[in-house]
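Hi,

Here is the structure I said I'd pass on to you.

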Amino acid sequence: MTQPIHGGNVYKVAREQRVPVDRIVDFSASINPLGFPAAGLRAVRTALKQIVHYPDPDCWQLRQELAQQCDVDPDMILVGNGSTELIHLLPRALGIKSALIAGPTFEEYASALTDAGSSFQYLHARREERFLPPVKDLLRRFSATRSKFDALFLCNPNNPTGQVLDRQAVRELAEATERQQGWLIVDEAFIDYCPHQSVVSLLKEYPRLIVLRSLTKFYAMPGLRIGYLVGAKQVVELLKDRQPPWSVNSLAQEVSLAVLQDQAYATKSRTFMKGERSRFMRGLRSLSGLRVYPSAANFVLIELPATTSAGEVTDRLAAERLLVRDCSTLPGLTRQMIRLAIKTTKENRQLLAALGASLKNKR
């Protein structure tokens, strides 16, 4: 299976254009535009002295902080080398033979299932319904006696459509998977922008619910690779047994502990994103021929005019050192679809101008 493409390769583009990486503006990776928190930078300096030791294999201190924030027992948390590592542990550890994936969505679920020799089916949200997750269809498909699924994968808010399900809808899915003795795996990688929609609290009622989280996107530190999973203690033990030793390095642990305690950064990030997302989407809607889909996250899915392909526009923008995420090959989407990260006001204006010019030149 071809490896999923998570965004533009800034290093490759910089080499091809013979410019430093910082000359590339990357709208293809949905990273907090406010940048790495100062608290994290201070933690890096402090933690450097620990690199003479192996990392804490239990991530003990970090799990205490995460447990407090999630209001769960620390034994219900497993920290990983990014949430992607944890996604790939799930099929084998849980014995998932067949899964249903709520699409169009993050390709890593399908990749993990394929690597484990598991089968899967997509149930895609409909374009004409603005990609609102089809809860009733998911319930019907998962509960059908002829379609025995071991797990349902749900990304919430969904990547790349930006749609978010409320807690009641996820509760209904959790009840259905419990009745079928299946697993509901909810990926909350972008939940920090709408924390009130998190379903972590439902773990107390539904032991076959598993919630994935990422620290790298909201805290702008994807280079450190860290994420975590919240689930029943028995699930965490199963996954831990399959995890490579010393999976999470010392710097990632210390920095994560520091940034999680920086509530001022979190509040500022949410406030900025709420305002900038509205401005950016208004700007996109002002461009002729674009269809802009609603989003609760820090990215926006757009659909180009029928006469234009995502590949064409992606290439034109890359020539101007602006990387965007071509979603044309993602199952459930069309050849006109692109995902745009929301960055700083200045960078967003730059992209709007370049995208508008590209569409005019096409006509």
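Seven strands make up an open sheet with mixed pairing, in the order β2-β8-β7-β6-β5-β3-β4. Here strands are DSSP runs of E with at least two residues, helices are runs of H or I with at least four, and both are numbered from the N terminus. Two strands count as paired if DSSP finds at least two bridges between them. This is a predicted model, so to speak of local features we need pLDDT of at least 70, and side-chain atom pairs count only at pLDDT 80 or more, while totals for chains, interfaces and linings use all residues. Residues are numbered from 1 along each chain as its sequence is written, and side-chain values use heavy atoms, with hydrogens and water left out.

Back to the sheet: β2 and β4 (119-124) are its edge strands, each pairing on one side only. On average, neighbouring strands are turned by 20 degrees against each other, direction ignored. Helix α6 (residues 135-143) packs on the sheet and touches β3 (98-103), β4 and β5 (151-155); contact means heavy atoms within 4.5 Å. The direction of α6 makes about 150 degrees with that of β4 (angles run from 0 to 180 degrees between N-to-C directions, and axes are lines fitted to C-alpha atoms, for helices over the stretch in contact).

Now zoom in on β8 (residues 227-230). Gly227 and Leu229 point one way, Tyr228 and Val230 the other, and all are buried, meaning under 20% relative accessible area with a 1.4 Å probe, protein chains only. β8 pairs antiparallel with β2 (residues 77-80) over four bridges, and Val79 sits opposite Tyr228. Four bridges also join β8 to β7 (residues 209-214), again antiparallel, with Leu212 opposite Leu229.

Val79 turns up again in the largest nonpolar core, which has 80 residues; Val79 is one of those with the most contacts inside it, and so is Leu304. Such a core is a set of buried Ala, Val, Leu, Ile, Met, Phe, Trp, Tyr and Cys residues joined through side-chain atoms within 4.5 Å. A second, separate core of 27 residues includes Trp183 and Ile185.

Last, two helices: the axes of α2 (residues 38-47) and α9 (residues 250-260) come within 8 Å and cross at roughly 145 degrees. Among the residues making this contact are Ala43 of α2 and Val255 of α9.

Cheers

Methods
Buried means under 20% relative accessible area, exposed over 50%, partly exposed in between (1.4 Å probe, protein chains only).
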